[in-house]
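Subject: Structure handover

Hello,

Please find the structure below. My notes on it follow, starting with a question you can check against the coordinates.

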Amino acid sequence: MKIFEKIISIVKDDIIALYEVDRLNKRMKRIDVAIRYYNKILEKSANDSKAIVGLFYCYYDDDNDIQKAGEVLRKYSRIQNEEYYLRCCAQLCKKLRRTEDIKQIKERLMKMGSNYVI
């Protein structure tokens with residue numbers, strides 16, 4: 001863990017190192033730290049769908065904060081055609097029991113050729 005933090009302190013634009021630190025922090029249940037690093041990635045690359053999805057799941061799964069997970073999706077809604085973004089939307093809508101929204105998301109995923117099951 002300290003090795004990646006050292007790399008980041010030396011090479012501040014190394015997104016791969018940021019991802020590795022995120023992955024390790026999530027595994028160690030240091031969600032607040034993982035959230036901070038995902039936000040650093042998004043400062044450098046605001047359209048990074050991997051970081052957006054990672055940040056969503058930090059709130060959705062690990063922190064169990066549905067409201068903040070929804071805020072992440074709203075903030076980064078400009079990538080809404082991205083399959084993984086739509087999967088996150090589907091997860092949130094399923095938890096909130098928004099069946100009409102789930103149907104729309106399912107249709108969009110099918111148009112993209114996705115076989116994701118909601």
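How many residues does helix 6 have, and what distance does it reach from its first C-alpha to its last? Helix 6 has 14 residues and reaches 20 Å, close to the 20 Å expected at 1.5 Å a residue. Please keep in mind that this is a predicted model.

Overall layout

The protein chain contains seven helices and zero strands. Read from the N terminus on, its elements run α-α-α-α-α-α-α. Of the 118 residues in the protein chain, 37% are buried. Taking the contacts between residues at least 6 apart in sequence, 45% join residues at least 24 apart.

Helix 6 and its contact with helix 5

The buried residues of helix 6 are Tyr 85, Leu 86, Cys 88, Cys 89, Ala 90, Leu 92 and Cys 93. Helix 5 (residues 66-75) packs against helix 6, with axes that come within 11 Å and cross at roughly 145°. This crossing is left-handed. On the helix 5 side, the contact is made by Ile 66, Gly 70, Leu 73 and Arg 74. Helix 6 contributes Tyr 85, Cys 88, Cys 89, Leu 92, Lys 95 and Leu 96. Sorted by class, the contact of helix 5 with helix 6 has seven nonpolar, one polar and two charged residues.

Glu 71 also lies in helix 5. Is Glu 71 buried or partly exposed? Its relative accessible area is 37%, so Glu 71 counts as partly exposed. Glu 71 and Tyr 59 are twelve residues apart in sequence, and their C-alpha atoms are 9.9 Å apart in space.

From helix 6 to helix 7

Arg 97 lies in the loop between helix 6 and helix 7. It comes just after helix 6 and takes a positive phi of about 60°. Most residues other than glycine have a negative phi. Arg 97 is exposed, because its relative accessible area is 73% and the cut-off for exposed is over 50%.

Helix 7

Helix 7 (residues 99-111) has 13 residues, which should span 18 Å at 1.5 Å a residue. The end C-alpha atoms of helix 7 are 19 Å apart, which agrees. Which residues of helix 7 are buried? They are Ile 102, Ile 105 and Leu 109. These residues cover an arc of only 65° around the axis, so they sit on the same side of helix 7. On the other side of helix 7, Met 110 and Lys 111 are exposed. Helix 6 (83-96) is included in what covers the buried residues of helix 7. Just after helix 7, Gly 113 takes a positive phi of about 90°.

Helix 3

Helix 3 (residues 31-44) has 14 residues, and at 1.5 Å a residue these should span 20 Å. Its end C-alpha atoms are 20 Å apart, which agrees. The residues buried in helix 3 are Ile 31, Val 33, Ala 34, Ile 35, Tyr 37, Tyr 38, Ile 41 and Leu 42.

Ile 31 has its place in helix 3. With a relative accessible area of 8%, Ile 31 is buried, because that value falls under 20%. Ile 31 and Leu 55 are 24 residues apart in sequence, while the distance between them in space is 9.6 Å, C-alpha to C-alpha.

Gly 54 in helix 4

Where is the place of Gly 54? Gly 54 is in helix 4 (residues 49-62). Gly 54 is buried, with a relative accessible area of 8%. Not counting residues up to four places away in sequence, Gly 54 touches Lys 26 and Tyr 38. Tyr 38 is itself among the buried residues of helix 3. The C-alpha atoms of Gly 54 and Arg 23 are separated by 9.1 Å, although these two residues are 31 apart along the chain.

Regards

Terms used: Residues are numbered from 1 along each chain as its sequence is written. This is a predicted model: local features need pLDDT of at least 70, side-chain atom pairs count only at pLDDT 80 or more; totals for chains, interfaces and linings use all residues. Side-chain values use heavy atoms; hydrogens and water are left out. Helices (H or I, at least four residues) and strands (E, at least two) are DSSP runs, numbered from the N terminus. The expected span of a helix is 1.5 Å times one less than its number of residues. Buried means under 20% relative accessible area, exposed over 50%, partly exposed in between (1.4 Å probe, protein chains only). The arc is that of the directions from the helix axis to the C-beta atoms. Contact means heavy atoms within 4.5 Å. Axes are lines fitted to C-alpha atoms, for helices over the stretch in contact, and angles run from 0 to 180 degrees between N-to-C directions. A crossing is left-handed if the near helix is turned anticlockwise from the far one by less than a right angle, and right-handed if clockwise. Ala, Val, Leu, Ile, Met, Phe, Trp, Tyr, Cys and Pro count as nonpolar, Asp, Glu, Lys and Arg as charged, and the others, Gly among them, as polar.
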